[in-house]
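Have a look at it, and then we'll go through its parts one by one.

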Amino acid sequence: MSTSRIPGFHNLTREERLAKVADLAGLDAAQVAHLTAAAAHDGDLADHLSENVISVMAVPLGVATNLIVDGAEVLVPMASEESSVVAAVCNGARACREAGGIVTQADDPCMIAQVQVTGLDDLEAARAAVLAQKQAIAAECDGCDPMLVRLGGGFRDVEVRIAGPFLVVHLIVDVRDAMGANAVNTMAERLAPKIEGWTGGKVGLRILSNLADRRLVRARATWPADEIGAETVAGIIGAWEFAAHDPYRAATHNKGIMNGVAAVALATGNDTRALEAGAHAFAAKDGYGPLTRYWIEGADLVGEIEMPMPVGIVGGATRAHPTAQASLRIMGVETADRLARVMAAVGLVQNFSALRALATEGIQRGHMGLHARNVAIAAGASGDEIDRVAAEMIARGEIREDVARELLV
Ligand code: NAD
């Protein structure tokens, strides 16, 4: 690369940007044609959503079947490039249908905005000064977002923490059907000068916390022993105990949960990074551990998940992206509360299926079948060749691109 400095790059049209990058990076005609074709449909939308766009990255949108959440059947769209993720949800959900599916509970959709106050000598006095202004704080916050207040949301509480040398003011705001980042950030910024006045300190950062622990969702399901087998029940309990005792295992356990949660988030235009950050920070609150837990009732397996679920059906890309709108429609979701509950259910069921596979045949057998198809595609297979090459690689026990290429000639 001769230079990464391209003055005025953002002012070029998408086609001009692609041509510029193609030139600098030495893309061949086929690569440029692919990137151009990929953007043919959603390129303009992508241009509005992000910056310096040259094309669109297509991610598969699958639909998980078999879920019953709080007594209602639901089809769940999932956007993920990882094989086995959608299949795992379908299988795990089928195995708990007879026992009623997944039952959920959710907190009110409250987000936390943080205002950091620096330069204070008497932190306790400053803390009291802020708490004494609760009514003024409520009025200021609600004044920022009359629409939110009309919908039943708005300021709920103020908390003041001391973190090292800083005073940290937490604004707790019910954001209704929004993820709420912009909504609460606006409030934190608006309130900052007042907080400086009340405390005599200087405000530093003003932004939401992604540790959305006022917006937890819980989901629970029962998998009957006569459906999954006593050995699987015991195996899943053992796999969960491993995660409960070992953060190295818990990280992978929780990653599997996020395979499901993040895929629904992406399909609905939600902020996957906010969810990831919140989930892992919550999992680490008392020493990093699993977001789910499992136990036995009678002979049956019961599983439960608890995690923050800051998702919206308004704001961000949720309204702007037609695929997100279609995904919400497929789910029949009309509130952020319902979306959060369905996503917790997906996270739980995903985790159940991953643990079942790990505790029985191992993850590779199922996973590798789908992985083999990806390897075949990467090696240049198309159409019927994909399944033929994948099947042959699996039969040989050699799922590698060089093997796929050899099988293609
Ligand atoms: P937003 O500001 O676009 O929409 C929320 C607003 O919509 C509310 O303030 C309200 O006025 C209005 N509204 C209309 N109908 C509503 C309803 N039924 N319920 C609630 N509000 C309704 O979006 P947002 O949700 O405040 O912010 C989400 C975006 O912020 C995401 O794109 C996220 O990526 C981004 N973001 C995230 C972070 C972070 O996570 N750290 C930081 C900054 C921005």
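This is a predicted model: local features need pLDDT of at least 70, side-chain atom pairs count only at pLDDT 80 or more; totals for chains, interfaces and linings use all residues.

## Around the ligand

Let's start with the shell around the ligand: its residues split into 11 nonpolar, 6 polar and 4 charged. Out of the 21 residues around the ligand, the ones that come nearest are Asp-145, Gly-180, Ala-183, Asn-210 and Asp-271; to be near, a residue needs a heavy atom within 4 Å of the molecule or strand in question.

Two helices, H7 (146-150) and H8 (181-199), each give at least two residues to this shell, and the largest share, 4 residues, comes from H8. Helices and strands here are DSSP runs numbered from the N terminus, with at least four residues of H or I for a helix and at least two of E for a strand.

Residues are numbered from 1 along each chain as its sequence is written, and side-chain values use heavy atoms, with hydrogens and water left out.

Which atoms touch the ligand's oxygens? A polar side-chain atom of Asp-145 sits 2.4 Å from one oxygen atom of the ligand. In Asn-210, a side-chain N or O atom is 2.9 Å from a ligand oxygen, while Gly-316 brings a backbone N or O atom to 3.5 Å from an oxygen of the ligand. The protein buries 73% of the 870 Å² that the ligand exposes when taken alone; such areas come from the Shrake-Rupley method with a 1.4 Å probe, and for residues only the protein chains shown count as cover.

## A stacked pair of rings

How many aromatic pairs are there? The count comes to 1, where rings of Phe, Tyr and Trp (its six-membered ring) pair if their centres lie within 6.5 Å, and planes under 30 degrees apart are stacked, over 60 edge-to-face and the rest tilted. Trp-223 and Phe-352 have ring centres 4.1 Å apart and planes at 0°, so they are stacked. The pair ties together distant parts of the chain, with Trp-223 in strand S8 (residues 216-223) and Phe-352 in helix H14 (residues 336-359), 129 residues apart.

Trp-223 is buried at a relative accessible area of 0%, and Phe-352 is buried at 0% as well. Buried means under 20% relative accessible area, exposed means over 50%, and partly exposed is in between (1.4 Å probe, protein chains only).

## Two positive phi angles

Most residues other than glycine have a negative phi. Asn-52, though not a glycine, has a positive phi of about 55°. It sits in the loop between helix H3 (43-49) and strand S1 (61-69), partly exposed at 37%.

Arg-176 also has a positive phi, near 50°. You'll find Arg-176 in the loop between strand S6 (166-174) and H8, partly exposed at 27%.

## Two sides of H6

In helix H6 (residues 134-144), the buried residues are Ile-137, Ala-138, Glu-140, Cys-141 and Cys-144. They share one side of H6 because they cover an arc of only 165° around the axis, taken from the directions from the helix axis to the C-beta atoms. Gln-135 and Ala-139 are exposed on the other side of H6.

Notes: A polar contact is a pair of N or O atoms within 3.5 Å; within protein, one must be able to donate a hydrogen and the other to accept it, and residues adjacent in sequence count only if both atoms are side-chain atoms. Ala, Val, Leu, Ile, Met, Phe, Trp, Tyr, Cys and Pro count as nonpolar, Asp, Glu, Lys and Arg as charged, and the others, Gly among them, as polar.
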